[in-house]
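Subject: Handover of a structure, with notes

Dear colleague,

I am passing on the structure that follows, together with my notes on what was found in it. Please read the notes with the structure open beside you.

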Amino acid sequence: MNHMMEAPELIEAPLSREELAVRYEKLCEDPWMAKIDGKIEIDVWGRVMMTPPPAYKHGLLQGRLIEILGALGGGRVAGDTPIATSAGLFAADVTWASDAFVRAHERDVAPQQAPELCIEVVSPSNSRDELDKKRDAYLASGAREVWIVYPKSKRCEIFGPNGKLDGSAFPLDLSQLFK
């Protein structure tokens, strides 16, 4: 059956995490969407938000974060991780998830729980409001930490459930992040 036929006539309330995850899974299965290059996210009203692939420098920084996080034992690192939150379905630029999290969610197309660490690398198209919304959504969905990485000013803001932190609880050397 055509999944477009299954949609309600209108969306009367924000979509749940489960509904967002189902919509994202259907997008991933759609052969036409597979031809689109870029990041896809969905807001709580079901609207698809697309951004072009990141600039090369952005991708290099994502790669560096993946290298650094790879030194952590007991978990796995991923890029562009879709996470269904109560604020929308967002694709975190980089995530680290414990082995237990991976075992619990490895079959999910878009987990409804955030991995322990979610990282957003700031792009010129990002707004403060957007980054605050993503940070709060990841933390409300179970992330222990959220990092906002600023490539231009070469800094990293680290947040936990109780607000901004002075440093990360993850035993990492971030001194080489912007090398």
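Helices and strands are named here from DSSP runs, a helix being a run of H or I of at least four residues and a strand a run of E of at least two, and both are numbered from the N terminus. This is a predicted model, in which local features need pLDDT of at least 70 and side-chain atom pairs count only at pLDDT 80 or more, while totals for chains, interfaces and linings use all residues. Residues are numbered from 1 along each chain as its sequence is written, and side-chain values use heavy atoms, with hydrogens and water left out.

I begin with Lys 134, which is placed in helix α5 (residues 128–140). A residue is called buried when its relative accessible area is under 20%, exposed when it is over 50%, and partly exposed in between, with a 1.4 Å probe and protein chains only. Lys 134 counts as buried, at 3% relative accessibility. If contact is taken as heavy atoms within 4.5 Å, then Lys 134, leaving aside its neighbours within four places in sequence, is in contact with Glu 41, Phe 90 and Glu 120.

Phe 90, one of those contacts, lies in strand β4 and is buried as well, with a relative accessible area of 5%. Leaving aside neighbours within four places in sequence, the residues in contact with Phe 90 include Glu 41, Thr 81, Pro 82, Ile 83 and Lys 133, and also Ala 137 and Tyr 138. The C-alpha atoms of Phe 90 and Met 49 are separated by 9.5 Å, although these residues are 41 residues apart along the chain.

The next topic is salt bridges, where a salt bridge is a side-chain nitrogen of Lys or Arg within 4 Å of a carboxyl oxygen of Asp or Glu. How many salt bridges does a search of the whole structure find? The search finds 11. In one of them, Asp 93 is paired with Lys 39, and the closest N and O atoms are 2.7 Å apart. Because Asp 93 lies in strand β4 and Lys 39 in strand β1, this pair ties together parts that are 54 residues apart in sequence. Asp 93 and Lys 39 are both buried.

Asp 43 forms a salt bridge with Arg 47, with the closest N and O atoms 2.6 Å apart, and Asp 43 is buried at a relative accessible area of 13%. Glu 157 forms a salt bridge with Lys 164, where the closest N and O atoms are 3.7 Å apart; Glu 157 counts as buried, at 11% relative accessibility, whereas Lys 164 counts as exposed, at 56%. Salt bridges that share partners also join Glu 41, Glu 120, Glu 130 and Lys 134 into one network.

The buried residues in α2 are Leu 20, Ala 21, Tyr 24 and Leu 27. Seen down the axis of α2, these buried residues fall within an arc of 120 degrees, so they line one face of the helix; the arc is that of the directions from the helix axis to the C-beta atoms. The buried residues of α2 pack against β1 (39–43), β2 (48–51), β3 (75–85) and β4 (88–98).

Phi of Asp 80 is near 50 degrees, a positive value; Asp 80 lies in strand β3 and is partly exposed, with a relative accessible area of 42%. Phi of Lys 154 is also positive and near 50 degrees, but Lys 154 is placed in the loop between β6 (145–150) and β7 (155–160) and is exposed, with a relative accessible area of 52%. Ser 153 is placed in the loop between β6 and β7 too, and counts as partly exposed at 42% relative accessibility.
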